[in-house]
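User: I would like to go through the charged pairs and a helix of this model. Please show the sequence and structure.

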Amino acid sequence: YKRQAIAWTLKIAEMMEAEITALHVQDTYLKQFYNEIYAQGRQEYLDHVDQELRKHSIVTFSQFEAKVKQRKIVHYTIMKTGDPLEEIMKEFREGSYDLIVVGGKPLKGIKTIKSRNIPAKLASKIKKGALFIIRGN
């Protein structure tokens, strides 16, 4: 779903000769469980989560950068930390964007209850220019 969203974004940017701003939010969701870890391991856990979030962000941006540079599209990258839904909405409201492209995966069964389903929540909040790429089965 991430690859498909990137592919659509690049196609649209090429067709419209538009600039792209890529936003990646380091989700701090896992940090909430630090209280459940014995005191002596808490800091190690938090350090590990931070390190994994940084690694994931680097991989995500480097994949994106490689594809954008091949096509010579003007682009910017923004990295934020926090709740993805809140950070995406804040950036979309504060920026002067015409379109937001979000990747997502189809959810079935118990996953529809357990998931935070950010694309669906964004779809209910964004009133203009949204394209949601949901991978088929």
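User: Glu65 and Lys69 both lie in which helix?

Analyst: This is a predicted model, in which local features need pLDDT of at least 70, side-chain atom pairs count only at pLDDT 80 or more, and totals for chains, interfaces and linings use all residues. Residues are numbered from 1 along each chain as its sequence is written, and side-chain values use heavy atoms, with hydrogens and water left out. Helices are DSSP runs of H or I with at least four residues, numbered from the N terminus. Glu65 and Lys69 are four residues apart, about one turn of the helix, and both lie in helix α2.

User: What links the side chains of Glu65 and Lys69?

Analyst: An α-helix has 3.6 residues a turn, so residues three or four places apart point the same way. A salt bridge here is a side-chain nitrogen of Lys or Arg within 4 Å of a carboxyl oxygen of Asp or Glu. With 3.7 Å from N to O, the side chains of Glu65 and Lys69 meet in a salt bridge.

User: How many salt bridges are there by this rule?

Analyst: Side chains of opposite charge can pair when their charged atoms come close. One of the pairs is Glu52 with Lys55, at 3.0 Å between the closest N and O atoms. These two residues also both lie in helix α2, three residues apart. By the rule, the count of salt bridges comes to four.

User: How many residues apart are Glu14 and Arg71, and which parts of the chain does the pair link?

Analyst: Glu14 forms a salt bridge with Arg71, with the closest N and O atoms 3.2 Å apart. The pair links distant parts of the chain: Glu14 is in helix α1 (residues 2-16) and Arg71 in helix α2 (residues 39-71), a separation of 57 residues.

User: Is Arg71 buried, partly exposed or exposed?

Analyst: Buried means under 20% relative accessible area, exposed means over 50%, and partly exposed lies in between (1.4 Å probe, protein chains only). Arg71, at 37%, is partly exposed.

User: Where around α1 do its buried residues lie?

Analyst: The buried residues of α1 are Ala5, Ile6, Thr9, Leu10, Ile12 and Ala13. They cover an arc of only 165° around the axis, the arc being that of the directions from the helix axis to the C-beta atoms. The face turned away from this buried side carries the exposed residues Arg3 and Met15.
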